[in-house]
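Open your viewer and get ready to select a few things by name.

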Amino acid sequence: MQQSIDFHHRVGSALHDPQIRSNFRQAMDGLMYKRQHSFPDADELLRLRLRSAEIRINALSRLPELLEQLETRCSENGIQVHWAETTEQANAIVLDIMNRHDAGMLIKGKSMVSEEMELNHYLEQHGVTCLESDLGEFIVQLAGEPPSHIVAPAIHKSRQQIARLFSEKFPEIPYSDDVDTLTRSAREILRRKFHAAPVGLSGVNFAVAETGTLCLVENEGNGRMCTTIPPVHIAVTGIEKVVEKLSDIPPLLSILPRSATGQHITTYFNMISSPRKPDERDGPQEVHLVLLDNGRSRIYQDEQLIATLRCIRCGACMNHCPVYARIGGHAYGSTIPGPIGSILEPQKAGLEQFGDLPTASTLCGACGAVCPVQIPIPNLLNRLRYERVRQDHTGATPGQGSQRNPWEARIWSSWRWMHANPWLYRLGTRVATGLRWLIPQRLGAWTRVRSAPRIAKKSLHTLARQKGFTHE
Amino acid sequence: MSLRTNYPGKPERVYFFGTCLIDLLYPEAGLAGMQLIQREGVQVIFPQNQTCCGQPAWNSGYRNEARSVALTQMQCFQQEFPIVVPSGSCAGMLREHYPEMFSGTPQHSAALAFSSRVYELTEFLTQVLRVKLEDLGKPVKVALHVSCSARREMGVSGAHQALLQQLKNVELLEPERKEECCGFGGTFAVKHAEISAAMVEEKANALLATGAETLVSGDCGCLMNITGNLNHRKRDLPGCHIATFLWERTNAAEH
């Protein structure tokens, strides 16, 4: 109950914040426009989506085997592989590496898995300073906020809000709300830190089982700096990010940035295959790969819900979601917001905590229509709506049935009685049309912004009969 | 453009699935749809035992309730006639979701056979009956709102448009963000009333901004939502179902 109240409260404040409304609207309009223009050929887009979906489906169908292969190849390449069943374990693995190197500072590239782990918070509690080096992440870290979008973490802030934040946090820098000046300031602050940091952390976009290669897509070069300058590089990722072979990468790389930001290719694309070799002049001396489960192997077991794990984190579903565009990312209260978050988060953390998210959708289908790996998001939202109220307690989604409300269940059971008995339905519509003047003008939430619908004098059943349309 | 690619020739008889929303709130739209088909020389059967496609319960997670209502529908459309539905949303339910709803049950093959006979009304008029419409009405500016199910699930936004474009005195106007949802979403409008309110208000404003005199849609859920908001704000943009609009403009008795 509390989670529902909290969710509605966050939604309410977002909807009444004109800054949030206009920041998201403008940003999402821009992202939708860019995506659309980066795929001028609808047939090519469909072919690419089919191919990308096929690659991800293949990888997931062989997940255990490919993960073992990935571990073997990485180990052969000198990458140390760590397995974490829970976020606590993953955090402890990172802390342990930090401690072994006596490292007090971690510089981070963008990683949604580290957000899922709440790694910054954990490390800070253990005396390790974390510094986000992705510009958007840097901004939200300064503001003490979580990211509001998986690709553009600070998209909820306007340029002026960022300028005010910078002048508050760095009083020595002159105030400016010019984007280039702000970027330059952040760059100068971060550049010094890169050279001082003993350990760098990054996420992983694709992990190639065939070769043990970690692929990282980014635009700012901070990802490359995090993974090459500090003597130790830790990559954290979910176990679902594995793909079978190197030749799977070009199609995915061709669709990911176009779906995300409308770019044909990102400024940087890193393929990390080993620590620095003896004859090499740069690169980290140690590379670690932390593979996090955190509920993913449970999602993997359901033949329909497994599609959730295809996600390549492009953010197109949120960019095109009319609900996300209005309430923004923070209202969801989850690490990953938007349509993909609404199917993923309840499966990971449970429906007790995120039971409202699958209902916060009109099922308009925009998310599924743009998904580069064809995740049937609306169908999975619908499935989770079932999971949240079903009573038989079979199946793997945690918190199954936790959102079942006896009052609502009684309404649906009466609805069934009425609509599964045609004679009763006809009697009901005859009464409703006959007594239509009794229908109140106020119908709860509906009539707060709408007038009440008017019941017709005669139902279509009656009209059809009177106009002589045959029954059989 | 429609998602279905193979269309049969003109049948002798069809079933009409009126939908529960049309039954009680917009019966004239259902009647118009039946008359549009009948005018082409096709006999229209309206089974009196039909009630609702089951979508409200299905989308609320009450799958057993939805299934039992769906079974009632399947029982009253048993002969091999096409089933025409004046709603993208309900047609999408019958065509796309019945097979999923009955998967793993003894009725699965019956559901597959049933769903393969389902057509959305404008799809049926353009692709199967290939209607030619003669516009008898006065010049009018019309804004079309295509429901999300009609657009994405059924792929019939082109059919909506093609029919309206056959009417020579109709000027078709395009609202900004035409592909965006109006915020109805069935129980969503009540469960997440505030988000729905923000969505419908922006949709209504976009439609008003076209300067249209009439709003036309192929789905009564969207119509009830959008015109409900327009009426509430006392804005003068009447709306009607596309079947009503087509019938009124092409039926000699009305002019």
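The largest cavity has a volume of about 130 Å³; a cavity is a set of points on a 1 Å grid over the protein atoms alone where a 1.4 Å probe fits but cannot get out, and its volume is the space filled by probe spheres set on the points, which are joined across faces, edges and corners. This is a predicted model, where local features need pLDDT of at least 70, side-chain atom pairs count only at pLDDT 80 or more, and totals for chains, interfaces and linings use all residues. Residues are numbered from 1 along each chain as its sequence is written, chains are lettered from A in the order in which they are written, and side-chain values use heavy atoms, without hydrogens and water.

Select A:Cys321, A:Pro339, A:Ser361, A:Cys367 and A:Leu381: of the 19 lining residues (an atom within 4 Å of a point), these lie nearest the centre of the largest cavity.

**Stop two: where the chains meet**

Now show both chains. Here 70 residues of chain B are in contact (heavy atoms within 4.5 Å) with 70 residues of chain A. Zoom in on B:Arg177 and A:Asp29, whose side chains form a salt bridge (2.4 Å, N to O); the term means a side-chain nitrogen of Lys or Arg within 4 Å of a carboxyl oxygen of Asp or Glu. Between chain B and chain A there are seven salt bridges. Finally, select helix α11 (residues 193-208) of chain B, which gives the most to the side of chain B touching chain A: nine residues.

How values were computed. On a 1 Å grid over the protein atoms alone, a cavity is a set of points where a 1.4 Å probe fits but cannot get out, and a pocket is an open set with protein on both sides within 12 Å along at least five of seven lines; lining residues have an atom within 4 Å of a point. Helices (H or I, at least four residues) and strands (E, at least two) are DSSP runs, numbered from the N terminus.
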